[in-house]
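Hi everyone, thanks for making time this morning.

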Amino acid sequence: ILGLKVDNQLFMGSDFIFDAYYSRGAEISVNAEGYFLNTSIHKIVTTNDTEIIIELEPLAVGKKLKLEGIRYITNSKELSPISYVALKRLLDFMILNSSIEIEIQGHVNAPGGDKTSMKAKKLSESRAKKAYLYLVQNGIDKKRVTFVGMGATEMIHPKPKNHDEEELNRRV
């Protein structure tokens, strides 16, 4: 739990009770064996008792998880520094779920271009490989992780209207 004046520690269990000394947002990250990881932001108001219920989605073959927070420099395979927080979360998830195997899919923003171009495919593959290498270099067996470049074939916003929509197309 980040953002509150409580010890930032590993909680084991399912129910947590703590005092919030001032109103603000709290980031709650949950890892549980057999479930997809979850990170959410909640407004904590000190004048009210607040109950936050977080439902976790069970792992299943073929299900996708969009990992928030991995960002790349435009037209580059280089990760922006903020990305390492999300990659660490993925690493923790892989360690906790030691038998899971994943495929990392890289995507690019290429509106108006050839969705199947080799340049877009190669860039998206290089981006996915960066995430792959982070996991492998931090102890995850490479037999548990594959990577693929999807190019611009699955853009969330095919005609992005602003920078935020372009960023959403550049994802893993």
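**Salt bridges and cores**

Let's start with a salt bridge between the side chains of Arg71 and Glu167, at 3.8 Å from N to O. This pair ties together distant parts of the chain, 96 residues apart: Arg71 sits in the loop between strand E2 (38-44) and H1, and Glu167 in helix H3 (residues 163-169). Please keep in mind that this is a predicted model.

How accessible are the two partners? Arg71 counts as partly exposed because its relative accessible area is 25%. Glu167 has a relative accessible area of 11%, so it is buried.

Lys88 and Asp92 pair through their side chains at 2.5 Å, N to O. They are 4 residues apart in helix H1, which means about one helical turn separates them. Both ends are partly exposed: Lys88 has a relative accessible area of 39%, and Asp92 has 27%. Coming back to Arg71 and Glu167, salt bridges with shared partners join these two and Arg170 into one network.

The other pair is Lys63 with Glu57, whose side chains meet at 2.8 Å, N to O. Lys63 is partly exposed at 41% relative accessibility, and so is Glu57, at 37%.

Now for the interior. In soluble globular proteins, nonpolar side chains tend to be buried together. Here, the largest nonpolar core has 23 residues, and the members touching the most others are Ile70, Met94, Ile102, Ile104, Leu135 and Val145. Helix H1 (83-96), strand E3 (102-106) and helix H2 (118-137) each give two or more residues to this core. H1 provides the largest share, with 6 residues.

Which residues does Ile102 touch, if we skip those up to four places away in sequence? The list is Leu90, Met94, Leu135, Arg144, Val145 and Thr146. There is also a second, separate core of 5 residues, with Val108, Ala110, Ala152 and Met155 among them.

One last stop is Leu91, in helix H1. Leu91 counts as buried because its relative accessibility is 7%. Setting aside neighbours within four places in sequence, Leu91 is in contact with Tyr134, Leu135, Asn138 and Ile140. From Leu91 to Val136, the C-alpha to C-alpha distance is 9.3 Å, with the two 45 residues apart in sequence.

That's my tour, and I'm happy to take questions.

Notes: Residues numbered from 1 in each chain as written. Predicted model: local features only at pLDDT ≥ 70, side-chain atom pairs only at ≥ 80, totals over all residues. Heavy atoms only, no water. Core = buried A, V, L, I, M, F, W, Y, C linked by side-chain atoms within 4.5 Å. Buried < 20%, exposed > 50% of the residue type's maximum accessible area, 1.4 Å probe, protein only. Contact = heavy atoms within 4.5 Å. Salt bridge = Lys/Arg side-chain N within 4 Å of Asp/Glu carboxyl O.
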